[in-house]
Amino acid sequence: METLMSAVTPRSPAPAKKLSEVDFRSGATLEQLSAQVSELVVLEQGDFGDQTALEVHTAKDFIFNMLGLVQKVDQRLPVANEYLLLSGGAREGVLDLSPEDLGNYAKGADFDLDFTLLVPALKLHDRNQPVTLDMRHSPPCHSWLSLRLCDSNVMSRWSICCQEESAFTTEEEEEEEEEAEMSRGSIPSLDSPHSLDGCYFSPSLVTDWFWGVVSEAVEELRRCPQRGIPTPDRLERNGPLTTIILQAGSSRVLYDLLPVVSFRGWPAVAQGWLTANHFWDGKITEEEAISGFYLLPCCSPLGGRPDREWRLAFSRSEVQLKKCIPYPMAQAFQAARAVLSRILARPRAGLSLYHLRTLLFWACDRLPSAYLSCADADTPGRLLLGLLDDLAHCILGKNCPNYFLPQCNMLEHLTDSQALLVARKLAHVRSDPGDHLRAALDQAQQAGQLKKELTASTNGHGSPGHHPANGIISPSDDKLAQRLQQLVTENPGKSISVFLNPDDVTRPHFRIDDKFY
């Protein structure tokens, strides 16, 4: 009887499904926001098939061939140069540049894929070469660069881009220089504070020179078009950037080219960063994290001198650190970047997406890894809201410490009216993040549709296997496309450098981290 009764006893109800957390400010469920984030990330990445990979490869070859031509004709770029190729244009926050000068380009309307290429005009990689950063006149994260300690060949080659400083200074200026030197300690190895005076490598003259030689090289290549080679559609100058959009088959590829000064090692002014605890500890080696740094031709927004002042950048390190960011956090950052790029485009009020990138690194240092990498369905949405709140807090306080040089406040230049304008825009996003995610999704879908239409119209011309000279790739290069796709798949987020032999620019050598191809 007991057995019979137990057989008909109703089973206990299944545990109720856990309800998704609701965002107090907007009323949106985090699960819904997370689903939108995931969909947006997939759309932003796009369909990177073999044809697109090959078109990107030929566009990259055009850029490096053009720079090889610059080196041959002008003979100022280093013979064995080492470039850093970054995925994303300068407007996407891959570099800390003044946003007002970067130009306006829209994905889908103007380009399909974008990259930033750091081109070392001067490569100071010799460890026996004294580092000649002169920080006496600049705020944190900025420096003048004197070539006085370089060899005569370097000084002679770059004399057109150097300026002399007046030998006469007032007593007040001398006192300020002594105080600045004592506080920064940027050049402890030099006995005299005036031993670097003169022969200053001028960022404004360097960018003027670079724009001129690149324009000449592109025009030369335009005069001699070749079958299967991409064609330059637009060549424009945007502040320190030289921006070129190439038509490579069905893809329009945008390159932001920036002349820089490249260093090996690590600057003394950033030594404090190495002693702190970081989210990447134990995931990559210290040697990988501090393999080098750059000087960008960008002055301080607070009274900096564009003819003297360079900005320190740690792009090599950032490429390595990105590999250690938990995937849900990377998703949230990509979605936040897509949403904010729309509201920050016009007017550009002193805030760039690089500030969001900086907050990403700080958040990864501050928050537990288990929280950032949680597999819960709500996680990407929760992290997206956290990044938006973090950015709003920084803007209202006009305080965003540089990740590598915390003594540098990257928002110190914001006026109250600028901060208030951006804060209002952010508050609007924060009140309905789902609506802004949908708008970003629509924009990404429209860009993808434009790309498909362009591909269809391009492939509709000519007979199969025969392609016009605007950069469509021959099917005989399928093996190359497969190899390139394999490298991209196997090396996500890795540092990609290209070595060019100016005597044979048709055979660039690639270094992905420490592997050569």
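Reader: Which residue is the bridge partner of Thr242 in S9?

Author: Leu257 is the partner of Thr242 there. A word on the source: this is a predicted model, where local features need pLDDT of at least 70, side-chain atom pairs count only at pLDDT 80 or more, and totals for chains, interfaces and linings use all residues. Residues are numbered from 1 along each chain as its sequence is written, and side-chain values use heavy atoms, with hydrogens and water left out.

Reader: What makes S8 and S9 a pair?

Author: Two strands pair if DSSP finds at least two bridges between them. S8 and strand S9 (residues 251–264) are joined by 7 bridges and run antiparallel. Therefore they pair. Strands here are DSSP runs (E, at least two residues), and helices are runs of H or I with at least four, numbered from the N terminus.

Reader: What joins S8 to S7?

Author: 7 bridges, again antiparallel, link S8 to strand S7 (residues 231–238). Arg237 stands opposite Thr242 in S8. S7 and S8 form a hairpin with 2 residues between them, and Gly239 in the turn has a positive phi of about 60°. S8 and S9 form a hairpin too, with 2 residues between them; there Gly249 has a positive phi of about 65°.

Reader: Why is S8 called largely enclosed?

Author: Buried means under 20% relative accessible area, exposed over 50%, partly exposed in between (1.4 Å probe, protein chains only). In strand S8 (residues 241–248), 8 of the 8 residues are buried, so the rest of the structure largely encloses the strand. Leu241, Thr243, Ile245 and Gln247 point one way, while Thr242, Ile244, Leu246 and Ala248 point the other way.

Reader: How do you know that Trp158 is buried?

Author: Its relative accessible area is 0%. The cut-off is under 20%, so Trp158 is buried. Trp158 sits in the loop between helix H4 (152–157) and strand S5 (162–163). Contact means heavy atoms within 4.5 Å. Not counting residues up to four places away in sequence, Trp158 touches Arg76, Ala121, Leu122, Leu147, Phe201 and Trp209. Trp158 and Leu147 are 11 residues apart in sequence and 9.0 Å apart in space, C-alpha to C-alpha.

Reader: Is Arg308 buried or exposed?

Author: Buried: Arg308 has a relative accessible area of 4%. Arg308 lies in the loop between strand S10 (292–296) and strand S11 (310–313). Among the residues that Arg308 touches are Trp144, Glu164, Glu165 and Phe201.

Reader: What makes a set of residues a nonpolar core?

Author: Its members are buried Ala, Val, Leu, Ile, Met, Phe, Trp, Tyr and Cys residues joined through side-chain atoms within 4.5 Å. The largest such core has 115 residues, and those with the most contacts inside it are Leu117, Leu145, Leu147, Phe201 and Tyr255. Helix H10 (residues 327–344) gives the largest share, 10 residues. Apart from this core lies another, of 16 residues, including Leu86 and Leu296.

Reader: How do you know that the span of H13 agrees with its length?

Author: The expected span of a helix is 1.5 Å times one less than its number of residues. Helix H13 (residues 379–397) has 19 residues, so it should span 27 Å; its end C-alpha atoms are 27 Å apart, which agrees. Among the buried residues of H13 are Pro380, Leu384, Asp390 and Ile395. Just after H13, Lys398 takes a positive phi of about 50°.
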